[in-house]
Amino acid sequence: MSEMYGYVRVSTKEQNEARQLDAMQAFGVSKKRIYMDKLSGKDFNRPAYQRLVKRLKKDDTLVILSIDRLGRNYHEILEQWRIITKEKEAAIVVIDMPLLDTRKGRDLTGTLIADIVLQLLSYVAQTEREFIKKRQAEGIAAAKARGVRFGVKPKEKPANYTEVRQLWEKGEISAREAGRRLGVAHKTFLDWNKK
C-alpha cells in the first residue's frame, strides 16, 4: 500500500517550522510521517532526509512545501528529483507549485510541464543563492573599505608590556613566562612581537 510522507527543512535551529508543518497537515500528511531537518540546505547530508529517501517505495508520495526545501543547488535538486521519481518510482508534490505534482494520472504534457518548471525553479533557486553570496561579499568588501574590522578584536597590550618584552628579548624569561606575566597566552605574546 502506498504512503504519503512529508519533508520539512529549516536552515537553522532558530527558524520556525510551523508554517511548513501546517501546510503538510492541511495537505493530509500524517504527523507521524513528516520528517524534519534543522540544517542548512547547502548539501544533502541531512539525517531525516536520508532516512525518508530510504523508506520511500514505489507509488509512495513525498510532499514538500517548496522546491528549495530539497536544497538550493540546481544539480542536486534535479538529482534528488530523479532519484525519487525514477529510481524509487515515488511521486513528488510541491505544495507551493501545483504544476510540480508527479502523482499518477498525469498525462505526457503534464509530466513535460512539471519537468520544465522543475528545471526553471531549480535554476532560479541556485541563482538566488549565488546572488546572496555575491551581495554578501560585496557588502563585506565595502565595509572593509570603510575601515570596518571583522573578527575578534585584538587584545590590548597591558601597561607592563614593554618591561616584560625587554626581559624576554634579553633572554631572561621565556615567551610562556612573558605571557603569564601579561595575563595572555604565550602565542598572543609572540603574535604581538611579530608586528
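Reader: What separates E138 and K134 in helix α4, in terms of helical turns?

Author: This is a predicted model in which local features need pLDDT of at least 70 and side-chain atom pairs count only at pLDDT 80 or more, though totals for chains, interfaces and linings use all residues. Residues are numbered from 1 along each chain as its sequence is written, and side-chain values use heavy atoms, leaving out hydrogens and water. E138 forms a salt bridge with K134 (a Lys or Arg side-chain nitrogen within 4 Å of an Asp or Glu carboxyl oxygen). Because E138 and K134 sit 4 residues apart in α4, their separation is about one helical turn.

Reader: OK, and R165: which residue does its side chain meet in a salt bridge?

Author: R165 is partly exposed at 26% relative accessible area (buried is under 20%, exposed over 50%, partly exposed in between, with a 1.4 Å probe and protein chains only). The N to O distance is 2.8 Å, and the partner is E169.

Reader: Where does K58 lie, the residue that pairs with E89?

Author: The side chains of E89 and K58 meet in a salt bridge, 3.6 Å from N to O. That pair links distant parts of the chain, 31 residues apart, with E89 in the loop between α3 (74-87) and β4 (91-94). K58 is in the loop between α2 and β3 (61-64).

Reader: Switching to rings, is the Y7 and Y49 pair stacked or edge-to-face?

Author: A search of the whole structure finds 5 aromatic pairs, using Phe, Tyr and Trp rings (the six-membered one for Trp) with centres within 6.5 Å; planes under 30 degrees apart count as stacked, over 60 as edge-to-face, the rest as tilted. Y7 and Y49 are 5.1 Å apart centre to centre, with 70° between the planes. Y7 is in strand β1 and Y49 in helix α2, 42 residues apart, and both are buried. So, by those cut-offs, the pair is edge-to-face.

Reader: What pattern does the protein follow along the sequence?

Author: The secondary structure comes to 7 helices and 4 strands, taken as DSSP runs numbered from the N terminus (helices H or I, at least four residues; strands E, at least two). Read along the sequence, the pattern is β-α-β-α-β-α-β-α-α-α-α.

Reader: And what radius of gyration does the protein have?

Author: The C-alpha trace spans about 85 × 35 × 30 Å along its principal axes. For 195 residues, a compact globule would come in near 16 Å (over C-alpha atoms, by the rule 2.2 Å times the number of residues to the power 0.38). The protein has 27 Å.
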